[in-house]
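I opened this one up to see what sits where. My notes follow, in the order I looked things up.

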Amino acid sequence: MNALPRLPMGTEPPPERRRRGARSGTFGVLDIGTTKVVCLIARIEGDGEPRVLGFGWQRGRGVKGGSIVDLEEAERAIRAAVGQAEEMSDTQLTGAIVNLSCGQPDSRLLNVQWPIGGRAVTEADLRAILAEGRRRGTEDGRETVHGAPVSFTVDATPGVDDPRGMVCESLGARVHLVDASQAALRNLGACLARCDLEVEELVSSPLAAGLATLVEDEKRIGATVIDMGGGTTSLAVFTEGQLIHTAQIPVGGWQVTNDLARVLSTPISHAERLKTLHGGAMAAADDEREMLPVPLVGEDEDHIARVPRTMIVNIIRPRLEETFEFVRERLEAAGVAKEAGTRVVLTGGASQLIGARELAARVLDRQVRIGRPRGVRGLPDTAGGPPFAAAIGLLAWGAGEGRPLIDIAAGGERPRGTLRRLIEWLRVRV
């Protein structure tokens, strides 16, 4: 029998390169923030990368500090964003991967020692370790939404990535847990139920931002991602390729806008315009001479004040300094400042303020760059900047990036699907 002819180089079909945990078929992601709601509908292609089929964006309503405070307003914003993406993709969503920013999410690292007794380590042992870590980390009114091993120690040998099948007497694990307020999770579930959507997976917002903006070497040698959103600033610390800490600060771009509005006695809408077009944290030589028009609250339209740009900078700079000081304090209090390395990546809408990078470098005493999300096929150029880092990171998670060896969510039993226990928990209580 004659052998089939070989195709010339470059004409062979590319092999499937789907990552472990990657979604099959069409799926949706939902980034619910204080100032905007973003919905993306995508599918994973043969090379393992996502392609966006539908995009929806709406101004945020009913959300404050990352948590839902008005169910009706939040429902309207979410329905509108999802409707736009569904119409563009000709797809109807029943559920979505959702960012976790509600309920004051908190992070902790626990060391768990587990007896093995001279046999081979099994997956059941790893799940038992995570269940023990979750039990130790349980607090009243809080629910664990992420539980993942950071590293393992097999007897006296540290730095083991996957101990399954290895023989040992004792297995140690460093377990990273993220929890959030049960009440806030219930409100999130109730709001999405009103939109006829299920929470298929919850992904920490700064983790998503890190997946979208960090390069592999930064994750390996140590880096901190600071996602400067509208209502909150969140941070994630990566080292040796793993997420080891997250935190959230209730200060964001909205507070900068509010400061401008209060000090200048100008409407919120104009304060936002001033911040976007003329705002910054670093003064330039001619800022004292550049006069900006500022309408006053309650005055006639032709009653316009004029202020130098230096005044705008002097209002914005203290708020950004305070934000970066909070970040520094959180890193020091968590004991991860050394593991975080000397690299900081700023992303999110407020990171685009002129001088934010230089100010962060001075306050944090680290190397700082602006994190622009990677390009995604099918995504409009208008949705490719730092304000959309979390949404793009949710797509990366859907493609299988950043998933730990084992991730146990709420509940100690083996889940039937990722975060399935949390989904059931929400259903019971909503």
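**Notebook: domain, helix, loops, patch**

I started with the record: the unreviewed UniProt entry annotates residues 27-213 as "domain: SHS2". Positions there follow the numbering used here, feature names are shortened, and such annotations may be inferred rather than shown by experiment.

Before going on, I noted that this is a predicted model, where local features need pLDDT of at least 70, side-chain atom pairs count only at pLDDT 80 or more, and totals for chains, interfaces and linings use all residues. I also noted that residues are numbered from 1 along each chain as its sequence is written, and that side-chain values use heavy atoms, with hydrogens and water left out.

I then checked the make-up of residues 27-213: 30% helix and 48% strand, with the end C-alpha atoms 21 Å apart. Helices (H or I, at least four residues) and strands (E, at least two) are DSSP runs, numbered from the N terminus.

Next I looked at helix H4, residues 205-213. Is H4 largely enclosed or open? It is largely enclosed by the rest of the structure, because nine of its nine residues are buried. Buried means under 20% relative accessible area, exposed over 50%, and partly exposed in between (1.4 Å probe, protein chains only). The buried residues of H4 include Ser205, Pro206, Leu207 and Thr213.

Asp196 lies between helix H3 (182-194) and strand E11 (198-204). Its phi is near 60°, a positive value in a residue other than glycine. Asp196 counts as exposed because its relative accessibility is 56%.

Glu240 also has a positive phi, about 50°, without being a glycine. I found Glu240 in the loop between strand E13 (233-239) and strand E14 (242-249). Glu240 is exposed at 53% relative accessible area.

Buried or exposed: what about Ala281? Ala281 is buried, with a relative accessible area of 1%. It sits in the loop between helix H7 (268-278) and E15.

Glu299, Asp300, Glu301 and Asp302 form a negative patch. Patch residues have over 30% relative accessible area and no salt bridge, and like charges are joined within 9 Å. A salt bridge here is a side-chain nitrogen of Lys or Arg within 4 Å of a carboxyl oxygen of Asp or Glu. I placed Asp300 in the loop between strand E15 (291-295) and strand E16 (304-308). Asp300 counts as exposed, at 56% relative accessibility.

Methods. Patch = residues over 30% accessible without salt bridge, like charges linked within 9 Å, V, L, I, M, F, W, Y side chains within 5 Å. Areas by Shrake-Rupley, 256 points an atom, 1.4 Å probe, with all protein chains shown as cover. Lys, Arg positive; Asp, Glu negative; His and termini not counted. Charge placed at Lys NZ, Arg CZ, Asp CG, Glu CD.
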